[in-house]
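Thanks for coming. I will go through one structure this morning, starting with a chain as a whole and ending with a single residue. Please have the sequence and the model open.

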Amino acid sequence: MIRITVDAEPLEGRDGQTIAGVLIGAGRTAWRTAHTGDRGVFCGIGVCHDCLVTVNGVEGVRACQREAVDGDRVEREVRA
Amino acid sequence: MTVGGAGAGESAARRVAILGGGPAGLAAAQAALAAGARVTLLDEGGRLGGQYWRHHEQLTDRRLQHGWARFERLRGVLDRAEVHTGASVWSAEASDGAVRLRAVVGPADAAGRTALEVEADAVVVATGAHDLALPVPGWTLPGVTTAGAAQALAKRDGVTVGRRTIVSGAGPFLLPVAQSLAIAGAEVVGVHEASRLGGLAAGWLPRPWQLAGKAGELVEYVGALARHRIPYRIGSGVVRVLGTDRVEGVVIAALDAEWRPIPGTEREIACDSVALGHGFTPRLEVAISLGAAIEGDRRGRFVVVDDAQRTSAAGVYAAGEITGIGGADAALAEGAVAGFMAAGGSLDDDRMRGPLAVRRRMRAFAARLERAHGIRPGWTSWLADDTVVCRCENVTRRTIADRADAPLRAMKLATRAGLGACQGRTCGRAVEAIVAEAGGAPEGFDRRPVLAPVRLGEVAALGQGNGVGAAAAAISIDDRAESTVAAAEPRQ
């Protein structure tokens, strides 16, 4: 098991999952705010950039491409 | 770090760079090695295998993998090659008989990745394809994914986006997606194939011997659907997604032969997730950047190759889905030819007989795939005026149609369609269809491609001055941060 925080809230995931995988595994489908409402994963393979999050202070990380590491601090992004 | 520079005393073996570690790239690597080349393979994913063999050692259910033994054989050969995974190529140039690729290597979108420069005598571009998911009203709601995303999350992460999923679109790929979702624990409420019986029969029934192994594969999937009690409905599709903050249901309609919804056939179905896939679109960015000619029409544009998988650009070969959507077997065959030829081999070589035969057969398969499941123009009639088409920039159908008479470049600048973070990869084909329908000329949405987003700081850290500026005018691809730049527009 790995543990990450999403906006300071702890979430558990399976070792090796992407950040999107951990979020979805925890029952979340949305984690970015756009003009038309919340967005989550769409293409799942790094093409669409709909799933961007901030990871350990670095903006613009595709949650579907980044493997989660124990202790990662994930923050939601509010962008158009 | 520069890789592959021929120094004094090194052998004169040809240096072949391969872009992409899916079926085409892996087959290319194997063949190039067999022909005696020095091979460098780059893939942007964390693991080799591409979308077809996407996996994680602990998380992937083995029942979701096909042809795994072949993957292991191909991967096993690579101990004789230089392999970089997690490599985002942001610049690719071919000139004066040499190919130069620049990449950053490390965890996806991390800061401070390692710079990598690869020089080679030839390159095999095997960058594959991604889902083409046509817009429908409500498709930006959380819970809507592409069919490929549903597949990738099930295979790679062992998760499903929802508990009750509807799969909708066109093509045989919907079948393994439904099977994967069922195995991963979701209830698949239905699979909706847009093509009607007439179109399917025209594509699949004539000359059944050409289908060879493919027919058996399809029958296997249909059997899997039956075992999981998943209904398969042809001539229908999701024409609207319902919900306020997330998916609560869909409207399914019967579609006519041109994929126009038939009035009076709409019905609502409750679900919490939708997987959309109307076929695939090739990832042409690197091929275009290297100067390879692209041909086709609104049904699809692909890299032009000759019998040796050579593109119009010297030293640039292409294989797999970027030359035509034909599936993994076609990609494996084309990759083998491309790798062998890039390494200086000959088509007359006995080792090419098998791949050439498979390639012939699979090209026939690809033509039938397009005939049976290719996008029909009537789909735009399921859009509302205010339906978001460009997801990144929230550009609606009406906004695009209102500017359809402008040259495409002006239309993009005026509406921002295709100028967001994904650079039109998601909406490009849909925007072209809307422009064409409104009387415009939808030429060249994919010109001037951005290869991979990299951070300004990373480029700055490359430090070699001319390494960046001259080759690739780094441009900001979106307004989420000035720190995001992308390579390059070498030609219009």
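If we take the contacts in chain B between residues at least 6 apart in sequence, 66% of them join residues at least 24 apart. Keep in mind that this is a predicted model.

What does the secondary structure of chain B come to? There are 13 helices and 26 strands in chain B. Along the principal axes, the C-alpha atoms of chain B fill a box of roughly 75 × 50 × 40 Å. Of the 492 residues in chain B, 60% are buried.

Now to one helix. Helix 4 of chain B, residues 174-183, is mostly covered, with nine of its 10 residues buried. The buried ones are Leu174(B), Leu175(B), Pro176(B), Val177(B), Ala178(B), Gln179(B), Ser180(B), Leu181(B) and Ala182(B). What covers them? The cover includes helix 3 (147-157), helix 6, strand 11 (164-169), strand 12 (187-193), strand 13 (232-234) and strand 17 (273-277), all of chain B. After helix 4 of chain B comes Gly185(B), which has a positive phi, near 110 degrees.

Let me stay with one of those neighbours, helix 6 of chain B, residues 213-227. Helix 4 and helix 6 of chain B pack at an angle of about 40 degrees, and their axes are 9 Å apart. The crossing of these two helices of chain B is left-handed. Which residues make the contact? From helix 4 of chain B they are Leu175(B), Pro176(B), Ala178(B) and Gln179(B). Helix 6 of chain B contributes Leu218(B), Tyr221(B), Val222(B), Ala224(B) and Leu225(B). Sorted by class, this contact between helix 4 and helix 6 of chain B has eight nonpolar residues, one polar residue and no charged ones.

Next, two sheets. In chain B, three strands form an open, antiparallel sheet in the order 14-15-16. Its edge strands are strand 14 (236-242) and strand 16 (267-270) of chain B, each of which pairs on one side only. On average, neighbouring strands in this sheet are turned by 35 degrees against each other, ignoring direction. Strand 15 of chain B, residues 249-254, pairs with strand 16 of chain B over four bridges in the antiparallel sense. Across that pair, Val251(B) stands opposite Glu268(B).

Chain A also has an open sheet of three strands, with the order 4-3-8 and mixed pairing. Strand 3 of chain A, residues 32-34, pairs with strand 4 of chain A over three bridges, in the antiparallel sense. Thr33(A) there stands opposite Asp38(A) in strand 4 of chain A.

The last item is Thr426(B), in the loop between helix 11 (408-415) and helix 12 (428-437) of chain B. Is Thr426(B) buried or exposed? Its relative accessibility is 13%, and buried means under 20%, so Thr426(B) counts as buried. Leaving out residues up to four places away in sequence, Thr426(B) touches Trp139(B) and Arg391(B), along with Phe42(A) and Cys48(A).

Terms used. Residues numbered from 1 in each chain as written. Chains lettered and ligands numbered in written order. Predicted model: local features only at pLDDT ≥ 70, side-chain atom pairs only at ≥ 80, totals over all residues. Heavy atoms only, no water. Pairing = 2+ DSSP bridges. Axes fitted to C-alpha atoms, helices over the stretch in contact; angles between N-to-C directions. Left-handed = near helix turned anticlockwise from the far one by under 90°. Contact = heavy atoms within 4.5 Å. Nonpolar A, V, L, I, M, F, W, Y, C, P; charged D, E, K, R; others polar. Buried < 20%, exposed > 50% of the residue type's maximum accessible area, 1.4 Å probe, protein only.
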